[in-house]
Amino acid sequence: TLKIKKEIIEGDGLPPEKRADGSFPGKKGKPCQLEVNHFKLNPLKIKKLYMYNIQIVAPWKRPYSKKDNELYREVFIKWLKICPELKHLRQEQFAFNGNNVFYSTQSIPGKIKDIQDITAKGDMKELKFHVTEVFQTGVIRVTEDLQTFMDQGRKAFPNQVGTPQDVLTALDIILQQSVRLDKMYRTIGRSFFREDGRVLDVGFGKEVWIGTFTNSRPYGWKDAGYLMTLNVDVSNKPATINCHMTRESGAGRKDSYIQRVLCKSRQVDFNRGLGPRDLDTLAYDLKGMKIKYELPNGNKRVYKFNKLVECARKQIIPDLKKTVEQYFKDEHNARLKYPLLPCLHLGSLQKTIYIPAEFCYMEKQALPRGKKLPDDAVATMIRSTATRPEERKQKILDSLQKTNKFYANDPYAKEFGISFEQAMLKVSGRVLDPPSLEYKDKLEQRINFPGSWRPSPRHKYV
């Protein structure tokens, strides 16, 4: 069903698109074959996908957030096992997007009843969810849509991107199912990272996770046909390390999280508090991050950081009319070790959850997209992640081998009839001669070694 013209199938590579004026592709340079990080999608074995709406009602009032994805998936799996209309079917016949849509390999007859009180484990207690409004919203004619794209190209789909977007979205969701349900992986968008995978320490309390990016994408040439591929690449994601805010791993090591963040500061003395510049640096670093705290009585919570407030000796708790230091002395019989360090305002802005830094931990988590690494950490990341093409290729192949052997052993890909070729696609290209450099007075120097040259004293700049 995937059509590529005869000359492309018989050739070693895929030709680039010709331009109207005939200037491209050119004839200069040495012809070559290039491997690209795309893997051809084999003809699909399934003709239709059935798309369903599902409403998961959570025990809170706020809107759905990406952080709910894991809990919703747990609820969805439990719902599949107890739903009377579905429990006789295999789990692998359903692919869930983690929010409100799932795909099925077959149509479900009749009305699907609501199910109440499906439990899932929250941070501190069991939570109850309801599953309602499950109904079919459409049928995706996978084979037909792909064939139409292969025959007519982008003009067959008058959407913004000119592709069978429903098919592409479904393919991405299906291929992510095994990874998202595997506790050995962390998933961020279309990238996934193994818990036991390679990690780079870049300083400042930060590390970089090395993972894999995947995306189903169509490619084509007007004169040579079209094809569907899986685009795979190495993915690098900055993250925070799991570290106590003030406690060192050993005496004099200066490896608490605050000390790591302020490693460029001249002097960090927790007994004397932090200066204005250090407070600004720390506040920017913590903003929007999830912080875990553990009180002297053993109570634990994880909340998002809002801002730094006054030190425990000065910060007043409005409801109690006492300082944070006095509160912990009265309620927990705890004498603070660093009463001059700022407290962390956690949780809702409307609440006064002021926690001394000595009771807090930085959770291991990916940095939000808008949060920048320090310049020195960026430089370390670039130096450590830059690799030669052959090394990058091997990393991609090794990652796909670990991912159910190029999806060949993936139960969801098998059920939905999805498979890929295990060799990278090749495209035709040319190695162009290096350009010459022209100096003052039309003096020209040819470059014998690409990328470097040594001008003599007679060469003068224009």
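Contact here means heavy atoms within 4.5 Å.

## The model and its confidence

Welcome to a predicted model, in which local features need pLDDT of at least 70, side-chain atom pairs count only at pLDDT 80 or more, and totals for chains, interfaces and linings use all residues. Residues are numbered from 1 along each chain as its sequence is written, and side-chain values use heavy atoms, with hydrogens and water left out.

The predictor's confidence in each residue, pLDDT, runs from 0 to 100. Its mean over the chain is 87, with 89% of the residues at 70 or more. Over residues 1-11, pLDDT stays under 50, and the model has 29 contacts beyond four places in sequence for this stretch.

## Thr246 in its loop

Let us start with a loop residue. Thr246 sits between strand 13 (243-244) and helix 5 (257-261); helices (H or I, at least four residues) and strands (E, at least two) are DSSP runs, numbered from the N terminus. Leaving aside residues up to four places away in sequence, Thr246 touches Ser256, Ile258, Phe270, Tyr338, Leu341, Ala357 and Glu358.

Thr246 has a relative accessible area of 6%, so it counts as buried. The cut-offs are under 20% for buried, over 50% for exposed and partly exposed in between, with a 1.4 Å probe and protein chains only.

## Helix 2 against helix 4

Helix 2 (residues 69-82) packs on helix 4 (residues 165-181) at an angle of about 100°, and their axes are 11 Å apart. Axes are lines fitted to C-alpha atoms, for helices over the stretch in contact, and angles run from 0 to 180 degrees between N-to-C directions. The two helices, helix 2 and helix 4, are therefore roughly perpendicular, a label for angles of 65 to 115 degrees. Asn69, Arg73 and Ile77 of helix 2 meet Gln177, Arg180 and Leu181 of helix 4.

Beyond four places in sequence, Gln177 touches Arg73, Phe94, Ala95, Phe96 and Tyr412. Gln177 and Asp410 are 233 residues apart in sequence, yet their C-alpha atoms are 9.2 Å apart in space.

## One face of helix 3

In helix 3 (residues 142-152), the buried residues are Val142, Thr143, Leu146, Phe149 and Met150. Viewed down the axis of helix 3, these residues fall within an arc of 130°, so they line one face of the helix. The arc is taken from the directions from the helix axis to the C-beta atoms.

Just after helix 3 comes Gly153, with a positive phi of about 75°.

How values were computed:
Parallel < 35°, antiparallel > 145°, perpendicular 65-115°, else oblique.
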